[in-house]
Amino acid sequence: MAQDVEMKDTPAPSNSQSSAVSPTLQQLKEIGSLIETGSYTKEIRRIARAVRLTFALRRKLTASVLSGFLDFVLVPGSEAHGKLSTYVPKEGEHDMEVDTATSAVQTPGKHLLPELEIYCHLLVLLFLIDQKKYNEAKACSSASIARLKSLHRRTLDVLASRLYFYYSLSYELTGDLAEIRGELLTLHRLATLHHDELGQETLLNLLLRNYLHYNLYDQAEKLRSKAPRFEAHSNQQFSRYLFYLGKIRTIQLEYTDAKESLLQAARKAPVSARGFRIQCNKWAVIVRLLIGEIPERTIFMQKGMEKALLPYFELTNAVRIGDLELFRTVAEKFADTFNKDRTHNLIVRLRHNVIRTGLRNISISYSRISLADVAEKLRLDSANPVADAESIVAKAIRDGAIDATLDHANGWMLSKETGDIYSSNEPQIAFNSRIAFCLNMHNDAVRALRFPPNSHKEKESAEKRRERQQQEQELAKHIAEEEDDDF
């Protein structure tokens with residue numbers, strides 16, 4: 001035994017390794033104590049703060065650090081310790097002995113809190129997903145949800161919402177998302193019965209994502225319309241909800257509501273959530289084109305989005321010009337991208353808008369033009385292009401897209417003289433939409449303000465003020481990483 005002790009003291013690399021992992025392990029222990037304090041005092045904000053700090057440490061998690069923390073929090077030999085330890089690979093005996101030695105002093109006599117146990121499940125699940133061990137993550141998440149369903153504590157709401165998200169993500173990464181739809185519905189019903197609004201918010205978004213993943217838009221709309229409504233607790237979850245709502249409204253041909261939801265989702269999303277904002281902008285561009293609007297060039301020039309939005313920029317250019325041949329070329333060139341984004345069916349709808357835009361340009365340029373020339377300029381490739389051009393012009397006149405008349409006898413389209421637009425109601429409508437947008441933004445900003453509870457009744461002491469300022473500084477420090485991990 002004396003010889004073993006000497007062997008542990010002599011190697012330099014192992015000592016440097018243990019000292020390298022000790023800061024991360026120490027931070028995890030501090031987070032564990034913060035969760036413990038929040039559990040005893042029933043302060044959910046402390047547990048939420050612990051979750052934010054955890055995501056800041058996510059990239060530093062290693063197997064040895066995670067094993068040391070499990071030995072520190074969980075009782076060695078317990079059922080929870082045995083299950084979670086099987087998912088964490090061993091990284092050397094020395095590190096394990098160091099970790100167990102530090103935990104052996106602190107673990108005995110400590111009662112295991114459900115919050116700490118669920119937190120350990122969340123840590124292991126994060127580690128497995130980051131290591132791309134998706135099958136093990138799926139098994140771990142299922143066991144975590146089964147354990148969570150047996151606990152009914154209000155202080156678990158924040159941890160449960162994060163666990164729900166990674167539970168669904170692990171099944172999505174393995175392609176088995178349809179398997180958990182029934183379980184998600186059960187969890188949503190339990191969260192509703194327990195008045196867990198954060199859990200309801202998270203699970204509703206997960207269910208909508210589940211339905212939309214398999215193009216079940218009718219079921220998604222039925223669920224969304226019948227789900228209980230309440231004030232949003234998480235800005236990230238509210239952004240996701242608006243995005244899914246915008247996709248549903250787009251498929252249902254309710255383009256005005258879809259545009260408002262998608263633009264609001266892109267505006268509310270954090271700057272670091274670049275992938276989410278790109279998806280919102282892609283769908284918003286398609287919806288605006290379907291309405292008849294032409295998106296501004298600045299939308300496609302946003303930092304970090306130029307390459308991803310390039311296919312939609314060329315598509316917008318084709319619609320703006322009204323060139324049907326260019327529209328076909330762009331649709332064929334970026335067909336793989338549009339199929340991957342699941343916007344190909346929407347782009348097929350744009351063909352009518354391209355024809356209408358081209359026809360509007362023709363009516364402005366010519367006071368009288370033959371239908372054969374109209375068919376040639378629109379590049380109609382049908383068997384009878386003149387007859388198709390006549391029906392297209394007639395429908396555009398009926399819908400009010402162009403101000404013209406048809407001379408069927410001579411086969412002409414006669415355009416009427418365009419009047420002064422400022423004598424119409426168009427400027428008033430444009431100003432009204434801008435004013436409504438500014439008022440909605442102001443109302444959303446006011447609703448997003450947060451105030452301490454009973455701040456108008458109790459006078460804040462110096463100690464509480466210092467603690468609040470410290471929490472605000474830590475929140476500002478970690479908010480970027482937290483938003484990045486959420487998306």
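The model is predicted: local features need pLDDT of at least 70, side-chain atom pairs count only at pLDDT 80 or more, and totals for chains, interfaces and linings use all residues. Residues are numbered from 1 along each chain as its sequence is written, and side-chain values use heavy atoms, with hydrogens and water left out.

**Sheet**
- Three strands make an open antiparallel sheet in the order β1-β3-β2; strands (E, at least two residues) and helices (H or I, at least four) are DSSP runs numbered from the N terminus, and two strands pair if DSSP finds at least two bridges between them.
- β1 (368–370) and β2 (404–407) are the edge strands, each pairing on one side only.
- From one strand to the next the twist averages 20°; axes are lines fitted to C-alpha atoms, for helices over the stretch in contact, and angles run from 0 to 180 degrees between N-to-C directions.
- Four bridges join β2 to β3 (residues 412–415) in the antiparallel sense.
- Thr405 has Leu414 of β3 as its bridge partner, and Leu406 stands opposite Met413 in β3.
- The hairpin of β2 and β3 has four residues between the strands, and Gly411 in the turn has a positive phi of about 70°.
- Helix α21 (residues 371–378) lies across β1, β2 and β3 and runs at about 80° to β1; contact means heavy atoms within 4.5 Å.

**Second largest pocket**
- A pocket is an open set of points on a 1 Å grid over the protein atoms alone, where a 1.4 Å probe fits, with protein on both sides within 12 Å along at least five of seven lines; lining residues have an atom within 4 Å of a point.
- The second largest pocket has a volume of about 820 Å³, counted as the space filled by probe spheres set on the points.
- Its lining has 25 residues, with Glu172, Arg209, Phe243, Tyr244 and Gln279 nearest the centre.
- Helix α11 gives the largest share of this lining, six residues.
- The lining divides into ten nonpolar, seven polar and eight charged residues.

**Salt bridges**
- The whole structure holds 18 salt bridges, each a side-chain nitrogen of Lys or Arg within 4 Å of a carboxyl oxygen of Asp or Glu.
- One of them joins Arg147 and Glu117 at 2.9 Å, N to O.
- This pair links helix α8 (residues 134–149), which holds Arg147, to helix α7 (residues 114–130), which holds Glu117, 30 residues apart.

How values were computed: Nonpolar A, V, L, I, M, F, W, Y, C, P; charged D, E, K, R; others polar.
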